[in-house]
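Colleague: I would like to go through this protein with you. Could we begin with its charged pairs and then move on to other topics?

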Amino acid sequence: DIIKAQREFLVAINDLLATGRVVGLFEKEERDEVIVSVRASVKHAGILDTKDNCWDFFIDRVKENLHVVLCFSPEGGILRQRCREFP
């Protein structure tokens, strides 16, 4: 189970680094709260404040401001294997 959880974590990190998104990270209610919270900023930016535009605006801000530091143990062959699976 731990290996499966670690693999799922690496998939989520890989998705985040590749696309800036993690599927299923927010529940619908949380996503709606985010949309409401950025609506004024979206309008101020001169963008039509649809749900999709608000969400994309939020994701763009996350991509601009999120910094990720990953640390791996260099011991064993698992690091080499994981780096090949998740370039």
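Modeller: A salt bridge is a side-chain nitrogen of Lys or Arg within 4 Å of a carboxyl oxygen of Asp or Glu. By this rule the protein has 4 salt bridges. Please keep in mind that this is a predicted model.

Colleague: Which residue forms a salt bridge with R39?

Modeller: The partner of R39 is D49, and their closest N and O atoms are 3.2 Å apart. This pair links distant parts of the chain, since R39 is in helix α2 while D49 is in the loop between α2 and α3, 10 residues apart.

Colleague: And what meets the side chain of K43?

Modeller: The side chain of K43 meets that of D49 in a salt bridge, at 3.7 Å from N to O.

Colleague: Is K43 buried or exposed?

Modeller: K43 is exposed, because its relative accessible area is 52% and exposed means over 50%. D49 has a relative accessible area of 22%, so D49 counts as partly exposed.

Colleague: Where do R61 and E64 lie?

Modeller: Both lie in helix α3, 3 residues apart, which is about one turn of the helix.

Colleague: Changing topic, how many helices and strands does the protein have?

Modeller: There are 4 helices and 0 strands, and the pattern along the sequence is α-α-α-α. Buried residues make up 16% of the 87 residues.

Colleague: How many aromatic pairs are there in the whole structure?

Modeller: A search finds 3 aromatic pairs. One of them joins F26 and F58 edge-to-face, with 6.0 Å between centres and 75 degrees between the planes. F26 lies in the loop between α1 and α2 and F58 in helix α3, so this pair ties together parts that are 32 residues apart in sequence.

Colleague: Why is the pair of W55 and F58 tilted?

Modeller: The planes of W55 and F58 are at 40 degrees, so the pair is tilted; the ring centres are 5.3 Å apart. Ring pairs link F26, W55 and F58 into a cluster.

Colleague: Is W55 buried or exposed?

Modeller: W55 is buried, because its relative accessible area is 8% and buried means under 20%. F26, at 33%, counts as partly exposed.

Colleague: Finally, which residues gather in a patch of negative charge on the surface?

Modeller: They are E27, E29, E30 and E33. E27 is placed in the loop between α1 and α2, and with a relative accessible area of 51% E27 is exposed.

Key
Residues are numbered from 1 along each chain as its sequence is written. This is a predicted model: local features need pLDDT of at least 70, side-chain atom pairs count only at pLDDT 80 or more; totals for chains, interfaces and linings use all residues. Side-chain values use heavy atoms; hydrogens and water are left out. Patches are made of residues with over 30% relative accessible area and no salt bridge: like charges are joined within 9 Å, nonpolar side chains (Val, Leu, Ile, Met, Phe, Trp, Tyr) within 5 Å. Accessible areas come from the Shrake-Rupley method with a 1.4 Å probe; for residues, only the protein chains shown count as cover. Lys and Arg count as positive and Asp and Glu as negative; His and the chain ends are not counted. The place of a charge is taken as NZ of Lys, CZ of Arg, CG of Asp or CD of Glu. Helices (H or I, at least four residues) and strands (E, at least two) are DSSP runs, numbered from the N terminus. Buried means under 20% relative accessible area, exposed over 50%, partly exposed in between (1.4 Å probe, protein chains only). Rings of Phe, Tyr and Trp (its six-membered ring) pair if their centres lie within 6.5 Å; planes under 30 degrees apart count as stacked, over 60 as edge-to-face and the rest as tilted.
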